Amino acid sequence: MTQDEMKAAAALEALRFVDGGLIGVGTGSTVNHFIDGLDTIRQRFDGAVSSSEASSERLRALGIEVVDLNEAGELALYVDGADEADPRLNLIKGGGGALTREKIVAAASRTFVCIADHSKLVDVLGGFPLPVEVIPMARAYVAGRLGALGGKPVLREGFVTDNGNQILDVHGLRISDPVALEGEINQITGVVTNGIFALRPADVLLLGTENGVETIGD
Ligand code: 5RP
């Protein structure tokens with residue numbers, strides 16, 4: 001089975017959580033399979049709140065209504081991928097650069113179902129460079145502070161977020177206390193947010209494996 005087939009299996013498994021109302025939809029190749037799956041269960045939900053322009057475009061192309069979060073209120077369900085997940089369902093996200101809107105939609109949702117292939121499960125977060133969205137004028141200042149925390153920040157060249165900001169990918173962090181580090185990095189002036197999802201982790205992790213989809217936390 002290819003990695004993409006395992007992503008697709010996890011994504012389609014998440015359809016069983018769809019139970020009416022508006023669905024929070026994340027970003028990335030795994031979520032793209034979920035969006036395609038939503039097209040097959042149109043009668044079971046009303047529309048979507050999206051975490052990126054890319055996902056909004058894909059949803060609209062299928063004729064699925066995209067609703068502004070400000071008009072939606074609390075969402076019952078948010079489905080999104082991850083770059084890394086630990087066994088406590090803390091995540092690193094933002095490989096696609098959509099971390100800030102993803103974190104907002106996750107915060108506004110009662111249940112966060114994370115979908116991924118099994119290669120994303122790790123014991124300790126940090127092997128994947130941690131994305132940090134920064135206000136452009138603060139880039140060098142924030143990079144210095146991240147360096148003082150022990151990381152090696154690298155600017156994601158030629159990339160601008162949907163919010164008009166830049167991304168520093170921080171290499172070399174071993175994140176033994178994700179809750180503390182998420183808070184600490186978010187306190188640096190000029191940081192919009194960072195890609196640790198530990199203050200609001202996933203509730204359920206669906207992992208595509210060679211032997212089917214493994215569920216953690218349901
Ligand atoms: C985007 C993300 C994605 O969820 C993450 O990068 C995983 O992507 P993929 O499903 O393509 O492996 O956080 O900002």
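These are my notebook entries on what I looked up in this predicted model.

**Ground rules.** I worked on a predicted model, in which local features need pLDDT of at least 70 and side-chain atom pairs count only at pLDDT 80 or more, while totals for chains, interfaces and linings use all residues. Residues are numbered from 1 along each chain as its sequence is written, and side-chain values use heavy atoms, with hydrogens and water left out.

**Entry 1, the sheet.** I began with the strands, taken like the helices as DSSP runs numbered from the N terminus (strands: E, at least two residues; helices: H or I, at least four). Six of them form an open sheet of mixed pairing, and I read the order as β2-β1-β3-β6-β12-β13; two strands pair here if DSSP finds at least two bridges between them. The edges are held by β2 (47–50) and β13 (212–216), and each has a single partner strand, so one side of each is left without a neighbour in the sheet.

**Entry 2, around β1.** Strand β1 (residues 22–25) runs parallel to β2, and four bridges join the two. From β1 the chain crosses through helix α2 (residues 29–38) to β2, a β-α-β crossover that is right-handed, meaning that, with the strands pointing away from the viewer, the path from the first strand over the helix to the second runs clockwise.

I then moved to strand β6 (residues 109–117), where Ser109 lies; at 5% relative accessibility, Ser109 counts as buried. The C-alpha atoms of Ser109 and Leu77 are separated by 5.7 Å, although the two residues are 32 apart along the chain. At the other end of the order, β12 (residues 204–209) and β13 run antiparallel and are joined by five bridges, with Gly208 having Val213 as its bridge partner in β13.

Searching the whole structure gave 11 salt bridges, each being a side-chain nitrogen of Lys or Arg within 4 Å of a carboxyl oxygen of Asp or Glu. Glu13 and Arg16 form one of them, their closest N and O atoms being 2.7 Å apart, and together with Asp218 they are linked in a network of salt bridges. Glu13 is partly exposed at 28% relative accessibility, and Arg16 is partly exposed at 44%.

Which kind of setting, buried or exposed, holds Lys103 and Glu182? Both are buried, and their side chains meet in a salt bridge (2.8 Å, N to O). This pair links distant parts of the chain, with Lys103 in helix α5 (residues 99–107) and Glu182 in helix α7 (residues 178–186), 79 residues apart. I also noted the salt bridge between Glu102 and Lys93, with the closest N and O atoms 3.1 Å apart; Glu102 is buried at 3% relative accessibility, and Lys93 is buried at 2%.

Leu89, in the loop between β4 (84–85) and β5 (91–92), has a positive phi of about 70° although it is not a glycine, and with a relative accessible area of 6% Leu89 is buried. Met137 lies in the loop between β7 (130–134) and α6 (139–148) and is exposed, with a relative accessible area of 81%. Met137 forms a nonpolar surface patch with Ile135 and Val192, about 310 Å² of accessible area together. For patches, residues need over 30% relative accessible area and no salt bridge, like charges being joined within 9 Å and nonpolar side chains (Val, Leu, Ile, Met, Phe, Trp, Tyr) within 5 Å. The accessible areas come from the Shrake-Rupley method with a 1.4 Å probe, and for residues only the protein chains shown count as cover.

Key: Buried < 20%, exposed > 50% of the residue type's maximum accessible area, 1.4 Å probe, protein only.
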